[in-house]
Amino acid sequence: KAGKVWKEYGALEYRECAGDDMQQPKWGIPFQKRVKPKKGEVIVFSWIAYKSRAHRDRIVPKIMQDKRLATQTDPKTMPFDMKRMSYGGFEVMVGR
């Protein structure tokens, strides 16, 4: 549902992915160490792609006001612990 709404407002891509290979890597910090999942929890990684930061900054306020997502943006009804959520904006360094 959320992906459809984000794309309707102009997002180029919307992905939500559930971890299926969370083995200890040979290098780096594993997701489990950062997220500290409780027994039975699944680590979810998602991203949304935009044309630019300015494009993102135009879309996000509209999304936050969209009534179709109102129940999904209420911290009290989120299906995960928002205190353990990470987010940020990234500029593409290498791409196709």
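**Reading a predicted model**

Guide: R15 has a relative accessibility of 41%, and therefore counts as partly exposed. The model before us is predicted. Let us begin with R15 and its partner.

Visitor: Which side chains meet in a salt bridge with R15?

Guide: The side chain of E13 meets that of R15, with N and O 3.1 Å apart. E13 is likewise assigned to a class by its accessibility: at a relative accessible area of 28%, E13 is partly exposed. A value under 20% would mean buried and a value over 50% exposed, which is why 28% falls in between.

Visitor: Before we proceed, how many helices and strands does the protein have?

Guide: There are three helices and two strands. Read from the N terminus, the elements follow the order α-β-α-β-α. Along the principal axes, the C-alpha atoms fill a box of roughly 40 × 40 × 20 Å.

Visitor: What share of the residues counts as buried?

Guide: Of the 96 residues of the protein, 14% are counted as buried. The protein exposes about 8,800 Å², and 55% of this area is supplied by carbon and sulfur atoms.

Visitor: Is V5 buried or exposed?

Guide: V5, which is found in helix 1, has a relative accessible area of 2% and is therefore buried. Leaving aside residues up to four places away in sequence, V5 touches I63, D66, R68 and L69. The C-alpha atoms of V5 and I63 are separated by 7.6 Å, although the two residues stand 58 residues apart along the chain.

Visitor: Let us return to salt bridges. How many does a search of the whole structure find?

Guide: The search finds four. One of them joins the side chains of E8 and R68, with N to O at 2.9 Å. E8 lies in helix 1 and R68 in the segment after helix 3, so this pair ties together parts that are 60 residues apart in sequence.

Visitor: Which residue besides E8 is linked with R68 in a network of salt bridges?

Guide: The network links E8, D66 and R68. The side chains of R68 and D66 meet at 2.8 Å, N to O. D66 counts as buried because its relative accessibility is 9%, whereas R68, at 34%, counts as partly exposed.

Visitor: How is a pair of aromatic rings described, and how many aromatic pairs does the structure hold?

Guide: Such a pair is described by the distance of the centres and the angle of the planes. The structure holds four aromatic pairs. For F31 and F45, the ring centres are 6.0 Å apart and the planes stand at 70°, so the pair is edge-to-face. This pair links distant parts of the chain, with F31 in helix 2 and F45 in strand 2, 14 residues apart. F31 is partly exposed at 40% relative accessible area, and F45 is partly exposed at 43%.

Visitor: Which residues do ring pairs link into a cluster?

Guide: That cluster consists of W6, Y14 and Y50.

Visitor: Which residues form a nonpolar patch on the surface?

Guide: F80, M82, M85 and Y87 form the patch, and together they have about 460 Å² of accessible area. F80 is found in the segment after helix 3 (53–65), and its relative accessibility of 40% places F80 among the partly exposed residues.

Visitor: Finally, what is the value of phi for K36?

Guide: Phi of K36 is near 55°, a positive value in a residue other than glycine. K36 sits in the loop between helix 2 (31–35) and strand 2 (44–49). At 60% relative accessibility, K36 counts as exposed.

Notes:
Residues numbered from 1 in each chain as written. Predicted model: local features only at pLDDT ≥ 70, side-chain atom pairs only at ≥ 80, totals over all residues. Heavy atoms only, no water. Patch = residues over 30% accessible without salt bridge, like charges linked within 9 Å, V, L, I, M, F, W, Y side chains within 5 Å. Areas by Shrake-Rupley, 256 points an atom, 1.4 Å probe, with all protein chains shown as cover. Helix = DSSP H or I, 4+ residues; strand = E, 2+ residues; numbered from the N terminus. Buried < 20%, exposed > 50% of the residue type's maximum accessible area, 1.4 Å probe, protein only. Phe/Tyr/Trp six-rings, centres within 6.5 Å; stacked < 30°, edge-to-face > 60°. Contact = heavy atoms within 4.5 Å.
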